[in-house]
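Thanks, everyone. Let me put the model on the screen, and then we'll walk through it.

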Amino acid sequence: MSNGAIPFKEAKAIAHKLLKGKIVCGHSIKHDFDVLELNETDVPKEQIRDLIRFRKYQNASINGIAAHGAKSLKKLSGEFLGTKI
């Protein structure tokens, strides 16, 4: 039974082709790369801009206690775009 979707293998090949040689920006994209089986030969580290790696987008301290980790995409969209998701 077909639902109109292309097979995952084909979608993965298209994604590989689209991302090769490009600068890739995203939020916590390691998991996306894992699913697509992308590696450093497909997208070198120098071409990846992952928001969770930038200190500016990480949680600050709360009541003097350092909060660890990246801000959620939900929180970032609210701060920068004024949207609620």
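How many salt bridges does the count come to? The answer is two. The rule here is a side-chain nitrogen of Lys or Arg within 4 Å of a carboxyl oxygen of Asp or Glu.

First, some ground rules. This is a predicted model, with local features needing pLDDT of at least 70, side-chain atom pairs counting only at pLDDT 80 or more, and totals for chains, interfaces and linings using all residues. Residues are numbered from 1 along each chain as its sequence is written, and side-chain values use heavy atoms, with hydrogens and water left out.

Start with glutamate 37 and lysine 12. Their side chains form a salt bridge, 2.5 Å from N to O. This pair links distant parts of the chain, 25 residues apart. Lysine 12 sits in helix H1, residues 8–19. Glutamate 37 sits in the loop between helix H2 (30–36) and strand E2 (48–50). Helices (H or I, at least four residues) and strands (E, at least two) are DSSP runs, numbered from the N terminus. Lysine 12 counts as buried, at 18% relative accessibility. Buried means under 20% relative accessible area, exposed means over 50%, and partly exposed is in between, with a 1.4 Å probe and protein chains only.

Now the other bridge. Lysine 30 meets aspartate 34 at 2.7 Å, N to O. The two are four residues apart in H2, so about one helical turn separates them. Lysine 30 is exposed at 51%. Aspartate 34 is partly exposed at 42%.

Back to H1. Which of its residues are buried? Lys12, Ala15 and His16. Seen down the helix axis, they fall within an arc of 100°, so they line one face of H1. That arc is taken over the directions from the helix axis to the C-beta atoms. H2 is included in what covers them, where contact means heavy atoms within 4.5 Å. On the other side of H1, Lys17 and Leu18 are exposed. After H1 comes glycine 21, with a positive phi near 80°.

Last topic: backbone angles. Most residues other than glycine have a negative phi. Which residue in the loop between strand E1 (24–26) and H2 deserves a look? Serine 28. Its phi is positive, about 55°, although it is not a glycine. Serine 28 is partly exposed, at 24% relative accessibility. Glutamate 37, our salt-bridge partner of lysine 12, also has a positive phi of about 55° without being a glycine.
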